[in-house]
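Trainee: I have not looked at this one before. Can we go through it together?
Mentor: Fine, open it up.

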Amino acid sequence: MSKRILITGGAGFLGSHLCERLLNEGNEVICLDNYFTGAKNNVRHLTDNPRFELMRHDVIDPIKVEVDQIYNLACPASPPHYQYNAIKTIKTSVMGAINCLGLAKRCKARVFQASTSEVYGDPAVHPQPESYWGNVNPIGIR
Ligand SMILES: NC(=O)c1ccc[n+]([C@@H]2O[C@H](COP(=O)([O-])OP(=O)(O)OC[C@H]3O[C@@H](n4cnc5c(N)ncnc54)[C@H](O)[C@@H]3O)[C@@H](O)[C@H]2O)c1
């Protein structure tokens, strides 16, 4: 059955492909992005689709939409971008997750939360299996 789906960070690398995939499967997609590292150009080819909606918004602020599913991909992924403004990155990760969870609770929606191998610190194992606890320096740049 067709779902109404929110993709935060939807104009980014992974998000834009996910928008396309979920639209092709017949869903309604709301693509939310502040265009920090993403771009409208990544999803321009989808804007004629009546089931697609583009929303300029920052996940730090509460999100007021009605959806069945949420994919929270909103966070700069590459080191130069997430290190550019560390406090903004923390706000994006923490407040973005809280806002998505709040929205999910209100709408009874399911959430997919993207993460990164950066959570393992400077890993000594490649690739990292789910059982690996990481190699984290708590006072390091990461
Ligand atoms: N690309 C990969 O190989 C990979 C692998 C593992 C995990 N991830 C994770 O997946 C997520 C997406 O990665 P990506 O490669 O698509 O990155 P990306 O930088 O291309 O996309 C992130 C998107 O989030 C948007 N964004 C950033 N801050 C925002 C904010 N405060 N409010 C709204 N939108 C905001 C950006 O503008 C961008 O469009 C990240 O959390 C990343 O760590 C990516």
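Trainee: Is Tyr35 buried, exposed or partly exposed?
Mentor: Tyr35 counts as partly exposed, because it has 13 C-beta neighbours inside 10 Å. A residue is buried if 20 or more other C-beta atoms lie within 10 Å of its own, exposed if 12 or fewer, and partly exposed in between, with C-beta atoms placed from the backbone. This is a predicted model: local features need pLDDT of at least 70, side-chain atom pairs count only at pLDDT 80 or more, and totals for chains, interfaces and linings use all residues. Residues are numbered from 1 along each chain as its sequence is written.

Trainee: Where does Tyr35 lie?
Mentor: In the loop between strand 2 and strand 3. Helices (H or I, at least four residues) and strands (E, at least two) are DSSP runs, numbered from the N terminus. The phi of Tyr35 is positive, near 60°, and this residue is not a glycine.

Trainee: What about Lys108, buried or exposed?
Mentor: Lys108 is exposed, with 8 other C-beta atoms within 10 Å. Lys108 is in the loop between helix 3 and strand 5, and its phi is positive too, near 55°.

Trainee: How do the strands line up?
Mentor: There are 5 strands in an open sheet, in the order 3-2-1-4-5, and the pairing is parallel. Strand 3 (52-56) and strand 5 are at the edges with a single partner strand each, so one side of each has no neighbour in the sheet. Neighbouring strands are turned by 15° against each other on average, direction ignored. Two strands pair if DSSP finds at least two bridges between them.

Trainee: How many bridges join strand 1 to strand 2?
Mentor: 5 bridges. Ile5 stands opposite Val29 in strand 2, while the bridge partner of Ile5 in strand 4 is Gln69. Strand 1 and strand 4 pair over 4 bridges. Strand 4 and strand 5 are also joined by 4 bridges, and there Ile70 has Val111 of strand 5 as its bridge partner.

Trainee: Changing topic: which strands does helix 1 lie across?
Mentor: Strand 1, strand 2, strand 3 and strand 4, and helix 1 runs at about 165° to strand 2. Helix 3 packs on the sheet as well, touching strand 1, strand 4 and strand 5, with its direction at about 175° to that of strand 4. Contact here means C-beta atoms, placed from the backbone, within 7 Å. Axes are lines fitted to C-alpha atoms, for helices over the stretch in contact, and angles run from 0 to 180 degrees between N-to-C directions.

Trainee: Which residues of helix 3 are buried?
Mentor: Thr92, Gly96, Asn99, Cys100 and Leu103. What covers them includes strand 1 (4-8), strand 4 (69-72) and strand 5 (110-113). Ile98 is also in helix 3, but Ile98 counts as partly exposed, with 13 C-beta neighbours inside 10 Å.

Trainee: And the ligand, which residues come nearest?
Mentor: Gly9, Gly12, Gly38, Ala77 and Thr116, out of 24 residues around the ligand. A residue is near a molecule or strand if its C-beta atom, placed from the backbone, lies within 6 Å of it. Helix 1 (residues 13-24) gives the most to that shell, with 3 residues.

Conventions
Contact = placed C-beta atoms within 7 Å.
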